[in-house]
Amino acid sequence: MSRMPLSRLSRLKVTATVGLCVGLGGMHAARAQYVGQVSTIVLDARTGAVLSQQDPDLRRYPASLTKLMTLYLTFKAVRTGQVTLDQEMPVSVHAASMEPSKLGLRPGSTLTVEQAVLALVTKSANDAACALGEFLGGGDETRFAAMMTREAGRLGMYDTVFRNASGLPNPEQMTSARDLAVLARHLIVDYGEYYHYFAVPGFYFHGHEVPNHDPMLGAYPGADGLKTGYTGEAGHNLVTSAVRDNVRLIGVVMGAKSNSRRNATMTALLDSSFQAEGVAPVAHPAMRPLLLARAGGGAVVARHGSTHNVRLASARLNPVQPDEVAEAPAIPAGYARIRRGHGTVAHIHPAPVRAHVHLVGMGHVAHATHTHAKARS
């Protein structure tokens, strides 16, 4: 009788262990965390080829990177006509009770689907994420989390289990750097018409500015989204996409010890991967303070001293809770304007401003125009 090779036996043991973990509802997920050990991966968005990786399959807590799947299912629901961006969503007591980062939503109030999207990509608001999950899950966030997990399986995210829409700590909620890279690629390729939301510099909600947390916007040439994430258990996480010379990369860093280390690691990974793809290096811009216009109008002072009459999306509630990531937003110099809902949303392009946003699709470069470019009062 032939004997099974040790390498194959080891792989079967790992597969069985992972399957048992998922089958038991992820009860051993907390043991799958690697404190102080960073996981990274960089993909070519067009081909899916892995350009760089370090322990990308370790199971980790996603923190607010969870919201990438919440957004994926939101865009899917908008695309299929289940919901509209202008549709009002109720805020439950459960949603309003979420821990920071949050908008400070009150039970019984409402916000639109688009406001929730903006709250997730900028402030990473947990109350807005929960409200969105409840709305899409037929009033039940747990049901929505099951939808998220099923969608993850459909996309090939085999190390991922979701238990909530926000990424607030749950020992059963886990993913991997590789799975998040797969999700980011699907967000860009499957729903490119909504990808511009990830690059907004901020929006106004109930008259107060909500800036974007993403430190790579404006600081890294070509970066145009996606998401930050942090909890004490997860560490400092970041998913970034950047495009140069029609080459789009997706990078994931998980478990960094600080924001600065996370950002530096992402920068180094993207730089080396662009170089490996034959893209010439470019100078990183120096960061300067940038003032955003108030809801009533006014000037936006860009990094190079130019002035644009750009306003951000306005609404009516004061965000009183602290931010998830304690760092100033970095905002690119180029802007395009659209109007929707309760005000103006400023969408960003890498400077100089172009009529099209470059999204690398499956096997080609797609030039996706903004679909909401006309004003609506």
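Tyrosine 197 is buried, at 0% relative accessibility. Buried means under 20% relative accessible area, with a 1.4 Å probe and protein chains only; exposed is over 50%, and partly exposed lies in between.

This is a predicted model: local features need pLDDT of at least 70, side-chain atom pairs count only at pLDDT 80 or more, and totals for chains, interfaces and linings use all residues. Residues are numbered from 1 along each chain as its sequence is written, and side-chain values use heavy atoms, leaving out hydrogens and water.

**Aromatic pairs**

Rings of Phe, Tyr and Trp (its six-membered ring) pair if their centres lie within 6.5 Å; planes under 30 degrees apart are stacked, over 60 edge-to-face, the rest tilted. The count comes to six aromatic pairs. Two are tabulated here.

| Pair | Centre distance | Plane angle | Type |
|---|---|---|---|
| Phenylalanine 75 – tyrosine 197 | 6.4 Å | 15° | stacked |
| Phenylalanine 203 – phenylalanine 205 | 6.1 Å | 55° | tilted |

Phenylalanine 75 lies in helix α2 (residues 67-79), while tyrosine 197 sits in the loop between α7 (177-190) and β5 (202-205), 122 residues apart. Helices (H or I, at least four residues) and strands (E, at least two) are DSSP runs, numbered from the N terminus. Phenylalanine 75 is buried at 1%. So is phenylalanine 203, at 1%. Phenylalanine 205 is buried at 0%.

Phe75 and Tyr197 also belong to one aromatic cluster with Tyr194, Tyr195 and Phe198.

**Nonpolar cores**

A nonpolar core is a set of buried Ala, Val, Leu, Ile, Met, Phe, Trp, Tyr and Cys residues joined through side-chain atoms within 4.5 Å. The largest has 65 residues; Phe75 and Phe198 are among those with the most contacts inside it. Helix α2 gives the largest share of this core, eight residues.
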